[in-house]
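Reader: Can you take me through this model? I'll ask as I go.
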Amino acid sequence: MIANIVKPGHKTRGVLNYLYGPGRANEHTDPHLVAAFDDFVPDPGRHPAATLAQLADILDLRVKQAGPKAPKNHVWHCSIRAAPEDRHLTDDEWATIARRVLNATGIAPAGDADACRWVAVRHADDHIHIVATKVRGGLRPPRNWNDFLRADKELVAIEKEYGLRRVPRGDRTAAKRPTRAEQEKARRTRNARTSREHLRTIVRTAVSAATTTEEFFRLVEGAGALIDVQYFPSGDVRGYKVAIADDTNTQGEPVWFSGSTLASDLSYPKIAERLTAAEATLAEQPDAPAWRRLSLAVDQTPDHLAHCEDQAGQAHIAALAETLDALPLVAPASIQVQLVQAATAFERAGRSRIRAHHQQAQATRRAVKAILRVPPPRDGALLAIVLDALLLAVIAAQHWHYTRNHTQQAEAALQAAEHLRVVYRAAAAEPLAVIHHRGRRLARPLLERQAAVVRQALPDLAEQILAEPAWPTFATALNDATAAGHGDPAALLAQAARHRELDTAANLAEVLTWRLRRLPDLAVREPSHDRTAGRVQPSPVTPTPRATRSGSLPRSR
């Protein structure tokens, strides 16, 4: 059950006209009062002699008495909606819910004879609207500060008492949803997404790719968006705003969005904080190739989340979100759409009330920016290894949020994991087939020897692994690890199994194969690249509406 308290207005009759009218698409049925501040309030939906004008006059009585002392926008309007799977509540139940919400918000405290005047209107099975005028009996406004949070807290208790679905609650860090006007404009112009959503994707992708704020501005502009950078008199950057060139208002001017209105972590100070931390360490060029570094960094994320402080854990999750934002730029076209969907879903999981210490996650952030500056891998095994590590990291992020009661973030991570599973299966099919072909050629004594290793290291899981179709593939990886000199194979396998949970794995042999493949000397060699390259290279491929194949960002519509 959720509440939506709209911006206060000044036309009581206009709100009532909508509530008792047919609706925007004739969706309103049988509009009537379920409760009111007084049992004798006339109901235009039930009494033929009652009119909307009478009801509006009754609600506005104190507003007129207060005269200039009345609030300019005196109409308080709150809708309360049940979840689709909830049972249909009776009028009496909705009446009780309305009174509890009014009491919680301070609009009409229980037993207060001077409380604001109000009515609760029902015109559908699953929700009601509460309309109140914000003038008390003493002709003063009510104390309804923070009314949304108070209403939401009361609805949590109502869900529990009435046996309704427990709706995941947010922490006010979610990105602002598109307005109804923005959604209708997108439909009229036949765009799949609103300008707000499209710009959010462009900006997030630019942040994941850029190494400096100057490069960030260039990448946003290069993606086809308009950008206006504001400066202080000192010359320092104050902020920025972005727009889509063909999205204009009635005056023909671009509709601008500041970074903070796209998402709280996309304000200029938040972006500068991340990029400054990355710039301070990006000059370090480890010997390990970029894709190898990324797989190792992401592979360590679950351990960091399990053992580090919350501020560092939030930083690792933010870096994980940047990884998902960047991957569509270098992934094959066949999996770009699902990768963008995974990144879009995980975007909500990238923020919480916990302030991230971004310096703690620079290894992942440096590796992400590095893979955008080298040619895409020719062998799909490298991408499959990274995707496998990403899937495990996203599952760990879901658990991290869940244990901290971040319900919306945990649900977002769960959705992202579902998309990543689809992407992983598509990306891993070919490299697994190559390894499986080698496994089929392993001599029987060697297969039996590796089976004995599995039974020794993982006695509870051994028979399941040996019965899976990917067992020859896993046996080949285990044999390669032993041949590369990684020590006792049983100890190596036990370590790989302890390193991550296996409860959610659909194919244990396949999961363990990639864990072994992430070991040094087993990862596939990457194509050569110029380590002095400092900028994302433009793509020779025509960009798609959602993502491009290389370092260039998604173009605007």
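Reader: Which residue is the bridge partner of Val242 in strand 8?
Author: Phe257 is the bridge partner of Val242. Strands here are DSSP E runs of at least two residues, and helices are H or I runs of at least four, numbered from the N terminus. This is a predicted model, where local features need pLDDT of at least 70, side-chain atom pairs count only at pLDDT 80 or more, and totals for chains, interfaces and linings use all residues. Residues are numbered from 1 along each chain as its sequence is written, and side-chain values use heavy atoms, with hydrogens and water left out.

Reader: How many bridges join strand 7 and strand 8?
Author: Two, in the antiparallel sense; strands count as paired if DSSP finds at least two bridges between them.

Reader: What order do the strands of that sheet have?
Author: The order is 6-7-8, in an open sheet with antiparallel pairing. Strand 6 (225-231) and strand 8 (257-258) each have a single partner strand, so one side of each lacks a neighbour in the sheet.

Reader: New topic. Is Ser267 buried or exposed?
Author: Ser267 counts as buried because its relative accessibility is 15% (buried is under 20% relative accessible area, exposed over 50%, partly exposed in between, with a 1.4 Å probe and protein chains only). Ser267 sits in the loop between helix 8 (259-262) and helix 9 (268-282).

Reader: What does Ser267 touch?
Author: Leaving out residues up to four places away in sequence, Ser267 touches Tyr240, Gly259 and Ser260, where contact means heavy atoms within 4.5 Å.
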